[in-house]
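Here is a friendly walk through one model, written for someone who likes to know the cut-offs behind each term. Please have the viewer open as you read.

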Amino acid sequence: MPVGINQPSNQIRLTNVSLVRLKKGKKRFEIACYKNKVLEYRSGIETDLDNVLQIPSVFLNVSKGQTAPAADLAKAFGATTSTADIVLEILKKGELQVGEKERHAQLERVHNEVIDIVAGKLVDPKSKRVYTAGMIAKALEQLSGHRQEEGSGAGTPEEGAGKAKERPTWTGVVATKSAKSQALDAMRALIAWQPIPVARARMRLRVSCPVGILKQPAKVARGEGDEEGKGTVKERILSYVEEVESQGEVGGEWEVVGFVEPGAFKGLGEFVGGETKGRGRVEVLDMAVVHED
């Protein structure tokens, strides 16, 4: 009669997994997850833990199938902490162990997200139309490969070098930073170097202000020597607006709807708040107005 091999009761064999690892209480704890699901869970795309966890257990070593003893878990996480809560803590705070394929897939996802964000925020300054994702991707490739040559500009070599150092740079997408922050870096570099003609899409705003304040002299100037800073409150508000869509008075309040450069939004909000002592409002109607074919 053949003799069977006894497998220790705290060993569970798993394959084709992504590991999340957390060191706590001088011990390393791991959980076994389905490939590519950890990032989806952390970003909010996936909410069902059954689709994330291969097994709702905590391990000392997943590859060896060695589960964590209850005593170790109690010492590290507290005697009253449930296994489910421990698994969640490891899932949220632990370090994701990824292989080459997973790392490449993650980088590709972040890259695509960055391109989509940039393509939705930048426009051709003349036509106000958006560029395709492919055109944005090629422009960023130009920046990462030929930044110095394209942006040297006129002037002496020393002056060109000085300007190059001051301009935002772009070296490509990384997996360790959020797509949103990298998209902002990409937009700054594209606007600074102009491998293709680009500008930030304008914001559409509604500004309202009590009628009685409109003709009062503005108290705060936009800048030294700025003639626009010497006008009335109404004139100053309109100086921020590139294109007025509509304006008029309703119930004792003056209201203007128009398009503003994103860089002027903060200054406009501070001016309206200060001049009206909180009685005026600046509302965002559209974060990025573009024309699409």
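Predicted model: local features only at pLDDT ≥ 70, side-chain atom pairs only at ≥ 80, totals over all residues.

Residues are numbered from 1 along each chain as its sequence is written, and side-chain values use heavy atoms, with hydrogens and water left out.

K24 has a salt-bridge partner in E89, with the closest N and O atoms 2.7 Å apart; the term stands for a side-chain nitrogen of Lys or Arg within 4 Å of a carboxyl oxygen of Asp or Glu. Because E89 sits in helix α3 (residues 83-93) and K24 in strand β1 (residues 18-24), the pair ties together parts that are 65 residues apart in sequence. Helices (H or I, at least four residues) and strands (E, at least two) are DSSP runs, numbered from the N terminus. E89 itself is buried, at 18% relative accessible area.

R21 and E30 also meet through their side chains in a salt bridge, 2.8 Å from N to O. Here R21 is partly exposed at 23%, whereas E30 is buried at 1% relative accessibility. A further pair joins E46 and K37, whose closest N and O atoms are 3.4 Å apart. E46 is buried, with a relative accessible area of 13%, and K37 is partly exposed at 24%. Shared partners also link R206, E253, E255, R281 and E283 into one salt-bridge network. The count of salt bridges comes to 15.

## Strand β8 and its partners

Members of that network turn up again in the strand pairing. Strand β8 (residues 202-210) is mostly covered, with 7 of its 9 residues buried. β8 pairs with β11 in the antiparallel sense over 6 bridges; strands pair if DSSP finds at least two bridges between them. In this pairing R206 stands opposite E283 in β11.

β8 is also joined to strand β10 (residues 253-260) by 8 bridges, again running antiparallel. There the bridge partner of P210 is E253 in β10.

## Two nonpolar cores

Which residues touch the most other members of the largest nonpolar core? They are V114, V118, I136, L140, L143, W170 and L190, out of 23 residues in that core. A nonpolar core is a set of buried Ala, Val, Leu, Ile, Met, Phe, Trp, Tyr and Cys residues joined through side-chain atoms within 4.5 Å. Two or more residues come from each of α4 (100-121), α5 (133-151) and α7 (179-193), and α7 gives the most, with 7 residues. A second, separate core has 20 residues, including I31, F77, V87 and L96. In soluble globular proteins, nonpolar side chains tend to be buried together.

The 22 residues of α4 should span 32 Å at 1.5 Å a residue, and its end C-alpha atoms are 32 Å apart, which agrees. The expected span is 1.5 Å times one less than the number of residues. The buried residues in α4 include E102, Q106, V110, V114, I115, V118 and A119. An α-helix has 3.6 residues a turn, so residues three or four places apart point the same way.

I117, also in helix α4, is partly exposed at 24% relative accessible area. Leaving aside neighbours within four places in sequence, I117 is in contact (heavy atoms within 4.5 Å) with A179, K180 and A183. I117 and A186 are 69 residues apart in sequence, yet 9.8 Å apart in space, C-alpha to C-alpha.

## Backbone and cysteines

K128 has a positive phi of about 65 degrees although it is not a glycine. K128 lies in the loop between β6 (122-123) and α5, and is partly exposed at 25%. K277 also has a positive phi, near 55 degrees, and lies in the loop between α9 (262-276) and β11 (281-289). K277 is exposed, at 66% relative accessibility.

How many disulfides are there? The count is 0, taking a disulfide as a pair of cysteine sulfur atoms within 2.5 Å. C33 is buried at 0% relative accessibility, and C209 is buried with a relative accessible area of 0%.

Notes:
Buried < 20%, exposed > 50% of the residue type's maximum accessible area, 1.4 Å probe, protein only.
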